[in-house]
Amino acid sequence: MSVLEPPMGLIAELTHRCPLQCPYCSNPLELERGGTELDTATWIRVLDEAAALGVLQMHFTGGEPTARKDLPELVRHASSRQMYTNIITSGMLLDERMMATLVEAGIDHIQISFQDIDPGNADRIAGLRGAHAKKLRLAALIKAAGLPLTLNFVVHRQNLENLPGMLALAEELGASRTEIAHVQYYGWGLKNRDALLPSRAQLEASTARVDAARERLKGRMVIDYVVPDYYARRPKACMGGWARRFINISPSGKAMPCHAAETLPGFTFPSVRDTSLAEIWRDAPAFQRFRGTDWMPEPCRSCDRRELDWGGCRCQAFAITGDAARTDPACSLSPDHALMDAVVQERSSEPPEFVYRRIGGAAPASVPAPQELLEPVP
Ligand code: SF4
Ligand code: FES
């Protein structure tokens, strides 16, 4: 039996509260409310358990992680336990003062996500007027603080034509790394798939542009590129393999191998409130279910890529085939691959309205005015 390696990273979804309402948010459709969130003391204990288990990277995300007042305290604690600290933020609440506190607490890296470069379209996608301008201000603050700047552009059929401008903006802002990430179709992204999925021609044009930019910017800026599985021949190694590299913890403390695992029926996810991280990682049936290769059906079982992509994504296999234990249909060797093609064929010529992501159900399709979308924590 092979030795169980510790997880490399812990993804802490501190809260599902967020001022934005992106229609491709990776959070579940059933967002957890502020009142159910873990308290600071529990997170501090979890950070201690993570360090003891051998976790190297702490990714603080949400929702919007800066909506938690204790974020600097959590960063400071993770940092004191020698873990690399990363915040993934919309940038809406992170001002000069909070930046100074985070730097003093030892933050290593902050990643800002952008919706587009056209302010009108960016704000429409984010569901909040003025959002884009705030992100630009935060990028400048990150540079001024001497932190490496990573920009994340989530791309889809409603902003892909601005890809050259996205790369130019990243260059202008002095980003050391830029992610051009096509929407992944889980959670809200799956709900809005028809509004977001690009055509094959759009995808091919974007891939050519990224390739050219990589060549031009070699040595100056790293460009990561994530493509949509619907046009792939082989799947991605989702999360680096089920329960191999990461633990994801929801705001209320549910521990899962990935952010979308709650969509899978028949699973019970342990809570960090009452079970230690080490026990969860080692023993939880939900973590063991698709770990390694023993669970694999054919064609994965006898495929020479089985320890490279680990059979793809379990949540996608379930979303498309209704069975999480089948080969990811993104793989052209999967007997279900035609189902992916069918989705592409059925894509409508005009994108439908977005269903915006928000606590308490979908917002109307029109763009809301600036408003307080952060549900207060009781
Ligand atoms: Fe990966 Fe399975 Fe496809 Fe092989 S058959 S490439 S292991 S998904
Ligand atoms: Fe859950 Fe891929 S998102 S395994």
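Modeller: P28 is placed in the loop between β1 (9-13) and α1 (40-53), where helices (H or I, at least four residues) and strands (E, at least two) are DSSP runs, numbered from the N terminus. This is a predicted model, in which local features need pLDDT of at least 70 and side-chain atom pairs count only at pLDDT 80 or more, while totals for chains, interfaces and linings use all residues. Residues are numbered from 1 along each chain as its sequence is written, and chains are lettered from A and ligands numbered from 1 in the order in which they are written.

Biologist: Why is P28 called partly exposed?

Modeller: A residue is buried if 20 or more other C-beta atoms, placed from the backbone, lie within 10 Å of its own, exposed if 12 or fewer, and partly exposed in between. P28 has 19 such atoms within 10 Å, and is therefore partly exposed.

Biologist: What does P28 touch, not counting residues up to four places away in sequence?

Modeller: P28 touches G187 and E262, contact being defined by C-beta atoms, placed from the backbone, that lie within 7 Å. The C-alpha atoms of P28 and T263, 235 residues apart along the chain, are separated by 7.8 Å.

Biologist: What makes β7 (222-226) and β9 (255-256) edge strands?

Modeller: The open sheet of nine strands has the order β7-β6-β5-β4-β3-β2-β1-β8-β9, with mixed pairing, and β7 and β9 each pair on one side only. Two strands pair if DSSP finds at least two bridges between them; β5 (residues 149-155) and β6 (residues 177-182), which run parallel, are joined by six.

Methods
Contact = placed C-beta atoms within 7 Å.
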